[in-house]
Amino acid sequence: TVTAADNAQPLPNVTVRLYQTITSTSALATANTNASGIYQFNNLDPNTYYLRFTPSTSISPTWYYFEQYYGNVPTLLESTPITVPVSTTVTADAALDKGGVIRGVVTAEDTAQPLENTTVYLYTNRYGSASTSANTILGAYEFRQLPVGEVYLEFRTTQFLGSASRGYLSEFYNDQKALHLATPIPTTLNAPDTLISPALTR
């Protein structure tokens, strides 16, 4: 059974790959977890095997979780071997780590309404380029699968004619004018979502 490390709930839509050696370049077999997080490989020869757990990146809630190999390690070389004896059912459970999640709703300070046409940029340091971005939908944005560390956010409005955010000022978190002044946002594994909802001014 594959579960979520943060809440012990079963995780559906996880692809489980079975390998016969730690140097394998392709899987011997593949299975997918069902709604109860259960997967199964049948008719295996007595041998030692290795497992890889890959969450779907297109379906919630699975898309919040990191891929791992059996033993909660990041590579096949580090994976814990699973020995399957003759005519024996072996259980190999896994609890997948949830990455950091930052989400919120960008609003207009003067109307308190969600602000469309705003792009949220995420930076991993104060002096680099943005590592990713998200466009607001009804003012809402979300970043997920963030590794442990610190990140910085910029809320950038769009000034083209007809844009809902035209006339509003861009800003960095928390009400800052430059990236190097932005307040860092810590990200950790298996933690509650971080909610950041700025109200932009004109």
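Residues 24 or more positions apart make up 65% of the protein's contacts with a separation of 6 or more, where a contact means heavy atoms within 4.5 Å. This is a predicted model, in which local features need pLDDT of at least 70 and side-chain atom pairs count only at pLDDT 80 or more, while totals for chains, interfaces and linings use all residues. Numbering starts from 1 along each chain as its sequence is written, and side-chain values use heavy atoms, with hydrogens and water left out.

**Overall build**

- You get 0 helices and 17 strands here; helices (H or I, at least four residues) and strands (E, at least two) are DSSP runs, numbered from the N terminus.
- The radius of gyration is 22 Å, against the near 17 Å that a compact globule of 202 residues would have; the radius is taken over C-alpha atoms, and the globule rule is 2.2 Å times the number of residues to the power 0.38.
- Along the principal axes, the C-alpha atoms fill a box of roughly 70 × 30 × 30 Å.
- Of the 202 residues, 39% count as buried, which means under 20% relative accessible area, with exposed over 50% and partly exposed in between (1.4 Å probe, protein chains only).

- All 6 of the 6 residues in β10 (residues 118–123) are buried.
- In a regular strand, side chains alternate between the two faces of the sheet.
- Both faces of β10 are covered, with Thr-118, Val-120 and Leu-122 buried on one side and Thr-119, Tyr-121 and Tyr-123 buried on the other.
- β10 runs antiparallel to β13 (residues 149–157), joined by 6 bridges, and Tyr-123 has Tyr-152 as its bridge partner there.
- β10 also runs antiparallel to β11 (residues 132–135), this time with 4 bridges, and Tyr-121 is partnered by Ser-133. Two strands pair if DSSP finds at least two bridges between them.

**Gly-100**

- Gly-100 sits in strand β8 (residues 100–105) and is buried, at 6% relative accessible area.
- Leaving out residues up to four places away in sequence, Gly-100 touches Phe-143, Arg-144, Gln-145, Leu-146 and Thr-188.

**Largest pocket**

- The largest pocket holds about 500 Å³ of space. Of its 24 lining residues, Gln-40, Phe-41, Thr-89, Val-90 and Thr-91 are the closest to the centre.
- On a 1 Å grid over the protein atoms alone, a pocket is an open set of points where a 1.4 Å probe fits, with protein on both sides within 12 Å along at least five of seven lines; lining residues have an atom within 4 Å of a point.
- The lining splits into 14 nonpolar, 8 polar and 2 charged residues. Ala, Val, Leu, Ile, Met, Phe, Trp, Tyr, Cys and Pro count as nonpolar, Asp, Glu, Lys and Arg as charged, and the others, Gly among them, as polar.
- β4 (47–55) and β6 (82–84) each give at least two residues to that lining.

- Ser-60 and Pro-61 are joined by a cis peptide bond, omega about 5°, and Pro-61 is in the loop between β4 and β5 (68–69).
- Another cis peptide bond joins Tyr-173 and Asn-174, omega about 10°, with Asn-174 in the loop between β14 (171–172) and β15 (185–187).
- Asn-43 is not a glycine, yet has a positive phi of about 55°; Asn-43 counts as exposed at 78% relative accessibility.
- Ala-112, also not a glycine, has a positive phi of about 65° and lies in the loop between β9 (107–108) and β10.

Conventions: Grid points are joined across faces, edges and corners, and a volume is the space filled by probe spheres set on the points.
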